[in-house]
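Thanks for coming. I will take one model today and go through its domains, one interface and a few charged pairs.

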Amino acid sequence: MGYLGYRKADQVLISSLRRLEYRGYDSWGIATAGSDGIGVYKQVGSISEVEAFDLGDSSLGIGHTRWATHGAPSEINAHPHLDCNRQWAVVHNGIIENFLSLREQLRDEGHRFVSETDTEVIAHLMEKNGGDLEDALAASLKELKGSYAIVVMGAGERKLVGARYKSPLILGVGDGEYFLASDATAILEYTNRAVYLEDGDFVVVTDEGYRIKNQGRNVEREVELIPWDPADAEKEGYDHFMLKEIHETPRVIEDTLLGHISETVDLDLSLAVGTSEIVFLACGTSFHAALLGRYIIEEVADLPVRVECASEFNYRKSPLNRTLVIAITQSGETADTLQALRKAKSFGARALAITNVLGSSVTRLADEVIYTRAGPEIGVAATKTFTAQLIVIYLIAAKLSRFSRTEMERFLLELRLIPEKIQRVLDNADKIQAISKILAGYENMMYIGRKIGYPTALEGALKMKEISYIHAEGYPAGELKHGPFALLGERTPVVASVVRDETYDIMLNNIKEVRARGSPVIAIADEGDEEVEKYVDFVIKTPEVESIFTPLTHTVALQLLAYYTAKERGCEIDRPKNLAKSVTVE
Ligand code: F6R
């Protein structure tokens, strides 16, 4: 964050950093520049535990909330970092890959380093290069390798300078005040007007305005309206953002459908013309959406689909020419997904992105973008954005299908009914919470499913492990007997996503096998399914939908199951340990 305007900078920075905390939260710090030089305050831990402090009346400052990559979380390692003479202060996201050699060189020249971070080299490089703030940073950038969003200020100049390369940075434009931030939620309280900076952009902000250069040339960038309401970034009475965001799912689905369907699907998929297959690239929860996309598109559109884990795609040789590649990333900033997409494009693939964030990096890389309209997601665990991604995938499948008019109408009608059905899952939260109270006492769990129940199981397990810290594995139900059976027993409950399609009978068999090995079983199943309850310990019933849509209803039930289990265990639900919302490093 950076602020230059008329308000007390330390207060603006604290309040904005609170909203950015979901990006990193092991330590934080701010610095302001006034007539008596640069004042700094740093603290380990959460910004919500801020102690009373006052950095004076300065209306110019920078701040950062950290997720440690180089050096443990500590006050010394927290940003901002300063040079030896406290002339420059720097905050930085990303990684300076050549920092070790730069640090050695600068040390030899007499610079004293206090932290273990890569960021500190930037302050010392600026000191070495000298000149005014702009010149010092511009010269230093030439020596850096890696990725960065950097904001700097100096002791004697009323100016902020920012630079972006492969890490997001936006400029908020208020009335007589400016903000530099790594995402829009940080500035929404003050302004909804923003410039989404591009790679290579170098922005200089003063009281008179701002100017942007790229490769030494002045460039004009449009000021865009951030399409989010400040209230979207508040808990609004819920105990956690995660619960609020799960409860927003019905609305998010309606918003995502709106504008994309009328009597038919209104999506421009001209990129898909002539493609022989679709390749999905994604990480984490978005990867699970992609795995579901494989079943959905193959079933509905009869087109072969490959799913590649983005962080592994770099090591693949397979050519992709004339292929449609779809990158799924809610943040639009996941470094692995961006890198995989660059590689796919270098193979000649056409690129479509599904993302939730306007102006994010993926929107610049892709040839076309389809937005999920989920609003900001603050809880680190992805919930509403996952369901919104699935909605877009259903629409893509329908668009690519050879549906007759009646089949299309029926498919779209089912989709329109989903929000109301998900609302009924949410209304059943008490029952899910009661089961969670029991699950909270276990340390290992297994999630199983077949066909579309399988990625649903993977996602259920991911939600459980990341927020409750219970070791949870997702498996295709058919794989259990190839090894994981050895882990079953009364201390390992199994959650089964039971779908009434061609997998139903064999799934019941698998459940019986699991039960026979002593594991308690919790099934997620259709309301109309009266058979399954004979074989399991607990059933969470979800409203009946056509089998292909069950991942939507089942996932919301699984999200609630994870949420209440984590709550019962007293976990930090919105900010699980060691995780950050946007993973901007590979
Ligand atoms: C899990 C979760 C992560 C993200 C992953 C990709 O709840 O949130 O696994 O899904 O880091 O993030 P995006 O979708 O922003 O690329």
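Predicted model: local features only at pLDDT ≥ 70, side-chain atom pairs only at ≥ 80, totals over all residues.

Residues are numbered from 1 along each chain as its sequence is written, and side-chain values use heavy atoms, with hydrogens and water left out.

The domains come next. An automatic or database domain assignment gives domain 1 (2-226), domain 2 (232-424) and domain 3 (428-586). UniProt, in an unreviewed entry, places "domain: SIS" at residues 267-406 and 434-576; its positions are in the numbering used here, feature names are shortened, and annotations may be inferred rather than shown by experiment. In the span 434-576, 38% is helix and 19% is strand, and the end C-alpha atoms lie 23 Å apart. Helices (H or I, at least four residues) and strands (E, at least two) are DSSP runs, numbered from the N terminus.

Now the interface of domain 2 and domain 3. Their centres, taken over C-alpha atoms, are separated by 23 Å. Contact, meaning heavy atoms within 4.5 Å, involves 45 residues of domain 2 and 41 residues of domain 3. The two domains bury about 3,800 Å² between them, 65% of it on carbon and sulfur atoms; buried area is the accessible area (1.4 Å probe) that two parts lose on being put together, summed over both. Of the area that domain 2 buries against domain 3, Y295, V380 and R424 supply 17%, more than any other three residues.

How many salt bridges cross this interface? The rule, a side-chain nitrogen of Lys or Arg within 4 Å of a carboxyl oxygen of Asp or Glu, finds four between domain 2 and domain 3. R424 also forms a salt bridge with E527, at 2.9 Å, N to O. Among the helices that each supply at least two residues of the side of domain 2 that touches domain 3 are helix 5 (241-247) and helix 12 (405-427). Helix 7 gives the most to that side, with nine residues.

Next, helix 4, residues 133-141. Its buried residues include L133, A136 and L141, buried meaning under 20% relative accessible area, exposed over 50%, and partly exposed in between (1.4 Å probe, protein chains only). The buried residues of helix 4 pack against several elements, including helix 3 (120-129) and strand 13 (209-214).

The structure holds 37 salt bridges. In one of them, R211 and E134 have their closest N and O atoms 3.0 Å apart. That pair links distant parts of the chain, with R211 in strand 13 and E134 in helix 4, 77 residues apart. R211 is partly exposed at 38% relative accessible area, whereas E134 is buried at 12%.

A second pair, K463 and E459, meets at 2.6 Å, N to O. Both lie in helix 14 (residues 453-468), four residues apart, about one turn of the helix. An α-helix has 3.6 residues a turn, so residues three or four places apart point the same way. K463 is buried at 1% relative accessible area, and E459 is buried at 0%.

Last, K581, where UniProt places the feature "active site" in an unreviewed entry. Is K581 buried or exposed? K581 counts as buried, because its relative accessibility is 10%. K581 lies in the segment after helix 16 (550-568).
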